[in-house]
Amino acid sequence: MFWPGTLIGIVAGWALASIPGAMLGGLLGQVLDRRLRRRSWRELIDELRGGARVPEEELLFLLLGRVAKSRGRVQDAHIQQARAEMLRLGLDEAGRLRAIDAFNRGKHGGPRLEEGVQQCRGLRPSVDGLLQACWRMAWAAGAPSAAEKALILRWGESFGLPRATVLSLAAGAEALRAPPSRAESYRQALRLLGVEDDSPVEEIKRAYRRLISQHHP
């Protein structure tokens, strides 16, 4: 938490009424800081200039939507992972609806996403958490694709982080991804058998028997 209002209140209060003024100014400034929840002087300056910042929660789900869509199609595993992130944040119903909206808008990128990324440049540890969530999403449907890696590395560079740091944030992402849904588990089993999702039941059975005969002692 950043306390510019508190600092300004103390200085202004001291100038006006010495110690009592500093105490009152600091108290009023703290109330203001808690309401604004600013994390840096840069955020405060943007606020005073009238610049509308992209909330971190919105940016998170914009990024997650973009990562999920980068494979070409959003899969059930991506939806499960997005839900896991909502649970991790403890979002209420209104928060979940906002997150879903941001996720859907983020699928195709856009200026809102890029603006949010630029606003967060240098704001650690916030950007670390954003990138870790992106890595978890990238692992949701299996090993990250080249497109997913490229996106996350580019965002890391925009955040002002070295490439090695961005890659290090991927550590543990696979273990923390959401468990696959029943539908995704079924599709994974079909891929293992070498058949398509819409294959007839008899073809799936034949593929299963063939696989069993190959590996049965």
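The term pLDDT stands for the predictor's confidence in each residue, on a scale from 0 to 100. Where pLDDT is low, the predicted coordinates should not be read in detail. For the chain, I noted a mean pLDDT of 82, with 80% of its residues at 70 or more.

Ground rules. I am working from a predicted model, in which local features need pLDDT of at least 70 and side-chain atom pairs count only at pLDDT 80 or more, while totals for chains, interfaces and linings use all residues. Residues are numbered from 1 along each chain as its sequence is written, and side-chain values use heavy atoms, with hydrogens and water left out.

Overall make-up. I found 12 helices and 0 strands in the chain. Helices are DSSP runs of H or I with at least four residues, strands are runs of E with at least two, and the numbering starts from the N terminus. The chain has 217 residues, and 41% of them are buried. Buried means under 20% relative accessible area, exposed means over 50%, and partly exposed lies in between (1.4 Å probe, protein chains only). Of the contacts with a separation of 6 or more, 73% are between residues 24 or more positions apart; a contact means heavy atoms within 4.5 Å.

Salt bridges. I searched the whole structure and got 9. The criterion is a side-chain nitrogen of Lys or Arg within 4 Å of a carboxyl oxygen of Asp or Glu.

I looked at Glu-148 and Arg-71, whose side chains meet in a salt bridge at 2.9 Å, N to O. Glu-148 is in helix α8 (residues 146-158) and Arg-71 in the loop between α3 (56-69) and α4 (76-89), 77 residues apart. Glu-148 counts as buried because its relative accessibility is 0%. Arg-71, at 28%, counts as partly exposed.

Next I took Arg-136 and Glu-85, with the closest N and O atoms 2.8 Å apart in their salt bridge. Arg-136 lies in helix α7 (residues 126-139) and Glu-85 in helix α4, so the pair ties together parts 51 residues apart in sequence. Both residues are buried.

The salt bridge of Glu-114 with Arg-154 has its closest N and O atoms 3.6 Å apart. It links helix α6 (residues 111-119), which holds Glu-114, to helix α8, which holds Arg-154, across 40 residues. Glu-114 is partly exposed at 29%, and Arg-154 is partly exposed at 38%.

I also noted a network of salt bridges that links Glu-58, Asp-101, Arg-105 and Arg-112.

Cores. Which residues touch the most other members of the largest nonpolar core? They are Phe-61, Trp-155 and Phe-159, in a core of 38 residues. The elements that give two or more residues to this core are α3, α4, α5, α6, α7 and α8. A nonpolar core is a set of buried Ala, Val, Leu, Ile, Met, Phe, Trp, Tyr and Cys residues joined through side-chain atoms within 4.5 Å. Leaving aside neighbours within four places in sequence, I listed the contacts of Phe-61, among them Glu-85, Met-86, Leu-89 and Phe-103. A second, separate core has 5 residues, including Leu-190, Val-195, Ile-204 and Ala-207.

Last entry. I checked Asn-104, which is found in helix α5 (residues 93-106). Asn-104 and Leu-62 are 7.5 Å apart in space, C-alpha to C-alpha, and 42 residues apart in sequence.
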